[in-house]
Amino acid sequence: MNILETNNQVTFTLKYKKQSHVLTMELDDTIGDLKSIAEQKTQVPKSLQKLIYKGIQKNDRKTLKQARLRNKSKVLLIGNSLQDIAKTNLTPVEKDVEDQSSWKVDSDKNNEYCNLQIHQQILNKRQPGYGIPEKFKGKHLNLPKSSINDVWDEDGKRVQLTFKVNQDQLHIKSYGQKLIVKLDLIKDFYSQETKNYDGYSYFGLQTGYSERSVLWFYYVPSHYIRAIRNAILGDWKI
């Protein structure tokens, strides 16, 4: 489909489960307006919607221009229609409780995977390429437009990570080699702060169903961890 750009409008794709809706809206329209249209298209109530676009949090009063929505971009909608919730015999509140109970399971798995002996071996052999400025410690920043450099993989090789969220891709570059991982194929995310260097973490990407199918990366600035997780699992809410 050929999408035309105008100064006052933006055309993008709203994706929900297997549905794709190409929408054209005014840049002065708000996130709340987008949620209203999304409700008409998908039957997911505005109060249960989670809209994901480049990991930027915006409230309903922000305009699409302020949210920096671009032509040909993709906005992912996560949520359940009332009909879907009724099928599971759960009220929205009960659904939230059920979701929260699953976090406990994820937390247990996170601790199990992050405490494997192999991690300490890599952390002891390698070190970060630079120190984290004090002003960034304890903060949560958006993903950089460029790459995250001086990261180590599980083989002890230095790699460069570039998250191309609009393309649903993670580019992993090392010594002339490049691996592209589709973000929507990643099944889970694990992370933990390092004990030997303040301001750094390591994380794992579950690409399969076993412990061996996790890609691990070490000495990643901790202030990017939440943005990485949200870019992959879609926890960011516009």
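The following legends describe close-up views of a predicted model.

Local features are given where pLDDT is at least 70, side-chain atom pairs count only at pLDDT 80 or more, and totals for chains, interfaces and linings use all residues. Residues are numbered from 1 along each chain as its sequence is written, and side-chain values use heavy atoms, with hydrogens and water left out.

**View 1. Overall content of the protein chain.** The protein chain has five helices and 11 strands; helices (H or I, at least four residues) and strands (E, at least two) are DSSP runs, numbered from the N terminus. Of its 238 residues, 41% count as buried, where buried means under 20% relative accessible area, exposed over 50% and partly exposed in between (1.4 Å probe, protein chains only). The accessible surface comes to about 14,200 Å², and carbon and sulfur atoms contribute 46% of that area; areas come from the Shrake-Rupley method with a 1.4 Å probe, and for residues only the protein chains shown count as cover.

View 2. Strand β1 (residues 9–16) runs antiparallel to strand β2 (residues 19–26), and eight bridges join them. Two strands pair if DSSP finds at least two bridges between them. Thr-11 has Thr-24 of β2 as its bridge partner. Two residues lie between the strands of this hairpin, and Lys-17 in the turn has a positive phi of about 55°.

**View 3. The open sheet of seven strands.** The strand order is β8-β7-β6-β5-β11-β10-β9, with antiparallel pairing. Strands β8 (177–182) and β9 stand at the edges with a single partner strand each, so one side of each is left without a neighbour in the sheet. Neighbouring strands are turned by 30° against each other on average, direction ignored; axes are lines fitted to C-alpha atoms, for helices over the stretch in contact, and angles run from 0 to 180 degrees between N-to-C directions. Six bridges join β10 to the antiparallel strand β11 (residues 214–221), and Gln-206 stands opposite Val-214 in β11. Helix α5 (residues 225–233) packs on the sheet, touching β5, β6 (158–164), β9, β10 and β11, and its direction makes about 175° with that of β9.

View 4. His-119, Ile-122 and Leu-123 are buried in helix α4 (residues 117–125). These residues cover an arc of only 100° around the axis, which puts them on the same side of α4; the arc is that of the directions from the helix axis to the C-beta atoms. An α-helix has 3.6 residues a turn, so residues three or four places apart point the same way. The face turned away from the buried side of α4 carries the exposed residues Gln-117, Asn-124 and Lys-125.

**View 5. Aromatic pairs.** Rings of Phe, Tyr and Trp (its six-membered ring) pair if their centres lie within 6.5 Å; planes under 30 degrees apart count as stacked, over 60 as edge-to-face and the rest as tilted. Nine aromatic pairs are counted by this rule. The rings of Phe-189 and Phe-203 have centres 5.4 Å apart and planes at 25°, so this pair is stacked. Phe-189 belongs to strand β9 (residues 188–193) and Phe-203 to strand β10 (residues 200–206), 14 residues apart. Both Phe-189 and Phe-203 are buried. Tyr-113, Tyr-190, Tyr-202, Trp-216 and Tyr-218 form one aromatic cluster.

View 6. Val-220 lies in strand β11 and is buried, with a relative accessible area of 0%. Beyond its neighbours within four places in sequence, Val-220 is in contact (heavy atoms within 4.5 Å) with Val-151, Gly-199, Tyr-200, Ser-201, Phe-203, Ile-225 and Ile-228.
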